[in-house]
Amino acid sequence: ATLEQIGEAIRSTGFYNSKAKSLLGMAKSLVGNHDSQVPGTMEELTRLPGVGRKTANVVLGNSFGVPGIVVDTHVLRVSQRLGLTKQKNPEKIEQDLMVLIPRADWTMFSHRMVYHGRALCQARNPACDKCPLARVCAFDGKDNKGGRR
């Protein structure tokens, strides 16, 4: 596919021009350097264009069964609100959560945190009154910048 075709196919994701370049570079790297196979280590994955720790952890956990904690915006927000971390940097949050969560649960923990962040613990309108974690949650109704919701 051309860069333009890839861009059109992923237009709805936002930043599609940059993502299209990364996808094309990643595909070329897979074909040229990895015999068209997705590598199975963090080191090899993060050397691919456009692949950072978050994406590498998703691929490792879901495709290779290698546990990893994915820190996206939902995991970042929910883990801070629950008092599991005070960090703001995704890699530091990942390290904090790795200490707290049993390794075998890392991949599913990430999925559950993302789901919880989308379904109940939304950034602008958290449904604290419906949250099964409210009794253990450190969130006091303030957004991450200290304002009231």
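How many aromatic pairs does the structure hold? The structure holds zero aromatic pairs, a pair being two rings of Phe, Tyr or Trp (its six-membered ring) with centres within 6.5 Å. This is a predicted model, in which local features need pLDDT of at least 70 and side-chain atom pairs count only at pLDDT 80 or more, while totals for chains, interfaces and linings use all residues. Residues are numbered from 1 along each chain as its sequence is written, and side-chain values use heavy atoms, with hydrogens and water left out.

Figure 1. Helices here are DSSP runs of H or I with at least four residues, strands are runs of E with at least two, and both are numbered from the N terminus. Reading along the sequence gives the pattern α-α-α-α-α-α-α. The C-alpha trace spans about 50 × 35 × 25 Å along its principal axes. Of the 149 residues, 32% are buried; buried means under 20% relative accessible area, exposed means over 50%, and partly exposed lies in between (1.4 Å probe, protein chains only). The accessible surface is about 9700 Å², and 53% of that belongs to carbon and sulfur atoms; such areas come from the Shrake-Rupley method with a 1.4 Å probe.

**Figure 2. Helix α5 (residues 73-81) is largely enclosed by the rest of the structure, because seven of its nine residues are buried.** The buried residues are H74, V75, R77, V78, S79, Q80 and R81. They pack against α6 (90-100) and α7, where contact means heavy atoms within 4.5 Å.

**Figure 3. R81 lies over the face of F139.** Its distance from the ring centre is 4.2 Å. A charge sits over a ring if NZ of Lys or CZ of Arg is within 6 Å of the ring centre and within 35 degrees of the ring normal. R81 is also one of the buried residues of α5.

**Figure 4. S110 is found in helix α7.** Is S110 buried or exposed? S110 counts as buried because its relative accessibility is 4%. Leaving aside residues up to four places away in sequence, S110 touches G68, I69, V70 and V75.

**Figure 5. L120 is placed in the segment after α7 (106-119).** Not counting residues up to four places away in sequence, L120 touches N125, P126, A127, K130, C131 and P132. L120 and V99 are 21 residues apart in sequence, and their C-alpha atoms are 25 Å apart in space.

**Figure 6. F15 and D35 are loop residues with positive phi values.** Most residues other than glycine have a negative phi. Phi of F15 is near 50°, and F15 lies between α1 (3-9) and α2 (16-33). With 72% relative accessibility, F15 counts as exposed. Phi of D35 is likewise near 50°, and D35 is found between α2 and α3 (42-46). With 65% relative accessibility, D35 counts as exposed.

Conventions:
Rings of Phe, Tyr and Trp (its six-membered ring) pair if their centres lie within 6.5 Å; planes under 30 degrees apart count as stacked, over 60 as edge-to-face and the rest as tilted.
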